[in-house]
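Trainee: Walk me through this one, please. I'd like to start with the side chains.

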Amino acid sequence: MASDFEAFYLPTGDDAVFESTPATASPWDHSLQHGGPPAALLARAVESVRSDPALSIARFTADMLGGIPQGTMRVEAHVVRPGRRVELVEASLWAGDRLAVKASAWLIRSTPGSTREHWRPAETPSIPAASSERFFEGVSPDWGYGRALDWRFVSGGYEPGPATVWARLRVPLVAGEPASPVQRLLTLADSTNGLSGSLPMSSWYFIPPTVTVTVERPPASEWMLLDARSTIGTDGIGLAQGHMSDEHGTFAVVTQPLMVAPR
């Protein structure tokens, strides 16, 4: 299933202002955005203000302050704690005059090859062949975010339970420019809870107000493997966890607390 979209966001001529496209759409309300693309747009803002390109995002947290509407997005970022080896950057995404997402990122200087002798690559499953795509029960086959990525399930699928899936972006984050590896990573990471929910989406909410991604290294290629699992406690709170890999092994870990309640 090909994507019909140019990108997740269209530039407006102001590097801080973008228009969302249907590629960002939430599965349950197309007037709202899935959390992945806004997180990636904030990572783009973080990377644009860091003191040195050698500083790599090592921990990124995005706090969603409510539903993120479609429309005009304004992003801003600033360095909170500058440093030669470690730096802290904060970023904000505004939907109109409402603050919609707050993010913070710790960056650590990358020193190519300095610890290669201690690195142990790991095997990952091969990428399955393309197959006809379907989405969650009750979700339109025209769902924008779903169509904007190429999904190849190794195990699980669009039903309750854990899932392991290879995925890649079919469109750029911002029209006219390539997405950085960390931007691609974050576009996918917020899918951890949705892909691994242990209860039917048609009758239960399991909503993450935040996502934290700890990054060992950026993905080495466009294909990313997400191994997603969710658990639910006794008091309406759950936990979604994801391990992200490429052909060399794990490169990031995702965690999300969940508000679990019947619809």
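Mentor: One term before we start: a polar contact is a pair of N or O atoms within 3.5 Å; within protein, one must be able to donate a hydrogen and the other to accept it, and residues adjacent in sequence count only if both atoms are side-chain atoms. This is a predicted model, so local features need pLDDT of at least 70 and side-chain atom pairs count only at pLDDT 80 or more, while totals for chains, interfaces and linings use all residues. Residues are numbered from 1 along each chain as its sequence is written, and side-chain values use heavy atoms, leaving out hydrogens and water.

Trainee: Which backbone nitrogen does the side chain of Glu 87 reach?

Mentor: That of Gly 83, at 3.5 Å. The Glu 87 side chain also has a polar contact of 2.5 Å with the side chain of Ser 51.

Trainee: Is Glu 87 buried or exposed?

Mentor: Buried, with a relative accessible area of 0%. Buried means under 20% relative accessible area, exposed over 50%, and partly exposed in between (1.4 Å probe, protein chains only). Glu 87 sits in strand E5, residues 86-95. Helices (H or I, at least four residues) and strands (E, at least two) are DSSP runs, numbered from the N terminus.

Trainee: And what does Glu 87 touch?

Mentor: Not counting residues up to four places away in sequence, its partners include Arg 50, Leu 55, Arg 81 and Trp 106. Contact here means heavy atoms within 4.5 Å.

Trainee: New topic. How many residues of H1 are buried?

Mentor: 12 of the 14, so H1 is largely enclosed by the rest of the structure. Among the buried ones are Arg 44 and Glu 47, along with Leu 41 and Val 46.

Trainee: What about strand E8, what does it pair with?

Mentor: E7 (residues 149-155) runs antiparallel to E8, with six bridges joining them, and E11 (residues 224-232) pairs with E8 in the antiparallel sense over five bridges. Two strands pair if DSSP finds at least two bridges between them. Ser 155 has Thr 164 in E8 as its bridge partner, while Trp 166 is bridged to Leu 225 in E11.

Trainee: How many residues of E8 are buried?

Mentor: Six of the seven in this strand (residues 163-169), so E8 is largely enclosed by the rest of the structure.

Trainee: Last one: where is Ser 191?

Mentor: In the loop between helix H3 (181-189) and helix H4 (192-196). Ser 191 is buried, at 5% relative accessible area, and its contacts include His 34 and Trp 151, leaving aside residues up to four places away in sequence.
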